[in-house]
Structures are given as structure tokens and as C-alpha cells.
Amino acid sequence: MRSYGANDSRLSLLFLDHGLGKRPAKGVVTLALCVTLAGCAIFQGIQVSLLSTEQEIELGQQVSAEVEKQENLLDNTEIQAYVREIGQRLASVSPRQDVKYTFKVIDAPDKVNAFALPGGFMYVYTGLMRVLENEAELAGVMAHEIAHVAGRHHGESMTRQFGYSLIMSIVLGEDPNALAKLGTELLGATGAMYYSRDNEREADQLGMKFLFETGYKPEAMLSVMQKLADEDRRRGGTRSLPIFASHPPTEERSQRLQELIEQYPKEVRDRQPVYAERYRQKVLDVLE
Ligand code: ZN
């Protein structure tokens, strides 16, 4: 369990301000407050989101505008549409439907990365797409990122990474410099979104569920990680890929992905496609 030293007093104040007078079950109080207030973390043993959905969307909108200012979107409507359709299929099985998921491709052949912002704004880099071999692998990465949104992981990770006050100043539109700073940190050479181990485990588990339910072979989630590790070795083996900053390819993670795969019936998995040919035609042949 994580606690937030710097924010604890502020959290207590928020809860005191709004929690006095009524005494329903503890969990109900916590969850109800989180709908309207920022700043919930570990409270009375229950882990909850640090941002309301509205705040998350506001933050995501601001940061996505900054991302699109700092990066070039790929100028290819077919590939953008292809990635968007894969994303929408995956997002349609997400239990979280109070955000509008969007999917865009950034043209940066050397950046092997993909990330989702709070509020469901996702970006995939052409550098990642080039090292993948089939549609299921791309869907695997995207499913994992959708799961971070569905699991409401951003409030916790971004507040921990950038600080509560910076995040709130962006949500409130108070400080354009804070937004630029966050954008630069997020998109820099070592930039990434840092999630907790628990959040990563949940994103793998939930992401694989989305992948399987959308009809892809769940093994793709493991093969993509191995492929990225190979690519990293090819580049010198220093875990230099941005995607590894937040998602290290550990032995434990491989083991766990394998265990997750085996939870799905083999006879169904064996029938589910990876769409290698379609991916080659729509993406690899075009990006060359
Ligand atoms: Zn992740």
C-alpha cells in the first residue's frame, strides 16, 4: 500500500471539510467524495482515484493539446483510421465508459513508445509500430494502455510523479508553464508515465482480458514484450526504449503474462488470429 506523505494533511482536510456530520459506511464516504473531489489516495485502507472523472478529462485535454504541440501526428489518414478502429474495438469492452477514448499515431520512427493520458487520450508512435509484427501485438500494447485508463491509474501515477499542486494547476488552467513542463518531461528522451507495480499488474491482467474479448490471441501481449526486449538489445541493450522506462521487461512480468495467458482456454486461444498479413499491408509496407 502506498501513502502520500506530502499530501496527507491536505487529504485529511478535504475529507474533514466534507465528511463531518454524516457517517455512512467508510467505503461509501470515500468513494462518494472521490466523485467530486481531487485528492483521494489510500484512505482507510481503500485505494481510490486521485482525480474526479471531470478533472481527469480536463487534465487529459490540456496535456493532449501540449503533446500535439510538441510531437508530429502521422500524416496518413488510413493508418490513423486503422489504429483508431483497433482502439475503439478494444475500448468497447472496457468497463469504464465515462470517458471518450481517442487514438492517434505520432510520427517518430525512433521512438518506441505508446501511452495513454488521463481521460482516455492515447498516442502510439510509429517507432513502436515498426518493430511489431502483427495487429494483435499492437492491440496488446493498446489494450494495456486502455486498462490504465479503465483502472483509473493516472490520478495516482501523475500526482506522484509531478506533484499534486502542479497537476491541479493544470486541471484549473492556472499555469501554462506547468503544462509545458509536464509535456516536456513526459515526451523527453527518458520521459514516461510511471505507474506503480500494482497498477502495472492490473493493466496487464485487464488489458489481456480486453485483448482476448476483442478476439485477438492473448499470447501477443507476451510476444510484444519479447520483441521490444530484442529491439532494445539491438540498440545496445541499455533498456533505452522509452516504453521500458515505465514497463520494464522483467522475468517476473513474463512469468505473470504466461500465467494470465493460461487462464484462457487453449482451444479458443489457438483459433484466435494475430492478423500478421493485414498488419504488414496496412502498416509495415506503408511506413517503410
Ligand atoms: Zn503500463
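Which residues point one way from strand 5, and which the other way?

1. In this predicted model, Phe121, Tyr123 and Tyr125 point one way from strand 5, while Met122 and Val124 point the other way, and all are buried. Buried here means under 20% relative accessible area, exposed means over 50%, and partly exposed lies in between, with a 1.4 Å probe and protein chains only. In a regular strand the side chains alternate between the two faces of the sheet. Since five of the five residues of strand 5 are buried, this strand is largely enclosed by the rest of the structure.

2. On conventions, residues are numbered from 1 along each chain as its sequence is written, and side-chain values use heavy atoms, with hydrogens and water left out. Because the model is predicted, local features need pLDDT of at least 70 and side-chain atom pairs count only at pLDDT 80 or more, whereas totals for chains, interfaces and linings use all residues.

3. For the chain as a whole, there are 15 helices and five strands, both taken as DSSP runs numbered from the N terminus (helices H or I, at least four residues; strands E, at least two). Of the 288 residues, 54% count as buried. The accessible surface comes to about 13,400 Å², of which 51% belongs to carbon and sulfur atoms; such areas come from the Shrake-Rupley method with a 1.4 Å probe, and for residues only the protein chains shown count as cover. Among contacts between residues at least 6 apart in sequence, 71% join residues at least 24 apart, where contact means heavy atoms within 4.5 Å.

4. The pairing on either side of strand 5 can be followed residue by residue. Strand 3 runs parallel to strand 5 (residues 121-125) and is joined to it by five bridges, with Thr102 opposite Phe121 and Ile106 opposite Tyr125. Four of the five residues of strand 3 (residues 102-106) are buried, so this strand too is largely enclosed by the rest of the structure. Strand 4 pairs with strand 5 in the antiparallel sense over three bridges, and here Ala116 stands opposite Met122. Strand 4 and strand 5 form a hairpin with four residues between them, and Gly119 in the turn has a positive phi of about 85 degrees.

5. Helix 10 (residues 197-213) packs against helix 13 (residues 251-261) at an angle of about 30 degrees, with the axes 10 Å apart; axes are lines fitted to C-alpha atoms, for helices over the stretch in contact, and angles run from 0 to 180 degrees between N-to-C directions. On the helix 10 side the residues are Arg197, Arg201, Asp204, Gln205 and Met208, and these meet Glu252, Arg253, Arg256, Leu257, Leu260 and Ile261 in helix 13.

6. Helix 8 (residues 164-171) is mostly covered, with seven of its eight residues buried, among them Tyr164, Met168 and Val171. After helix 8 comes Gly173, whose phi is positive, near 65 degrees.

7. Is the loop residue His153 buried or exposed? His153 is found between helix 6 (135-150) and helix 7 (154-162), and it counts as buried at 2% relative accessibility. Leaving aside neighbours within four places in sequence, His153 is in contact with Ala147, His148, Tyr195, Asn199, Glu202 and Ala203.

8. Gly151 lies in the loop between helix 6 and helix 7, but at 22% relative accessibility Gly151 counts as partly exposed. Not counting residues up to four places away in sequence, Gly151 touches Glu202 and Leu206. The C-alpha atoms of Gly151 and Glu202 are separated by 7.5 Å, although these residues are 51 apart along the chain.

Notes:
Pairing = 2+ DSSP bridges.
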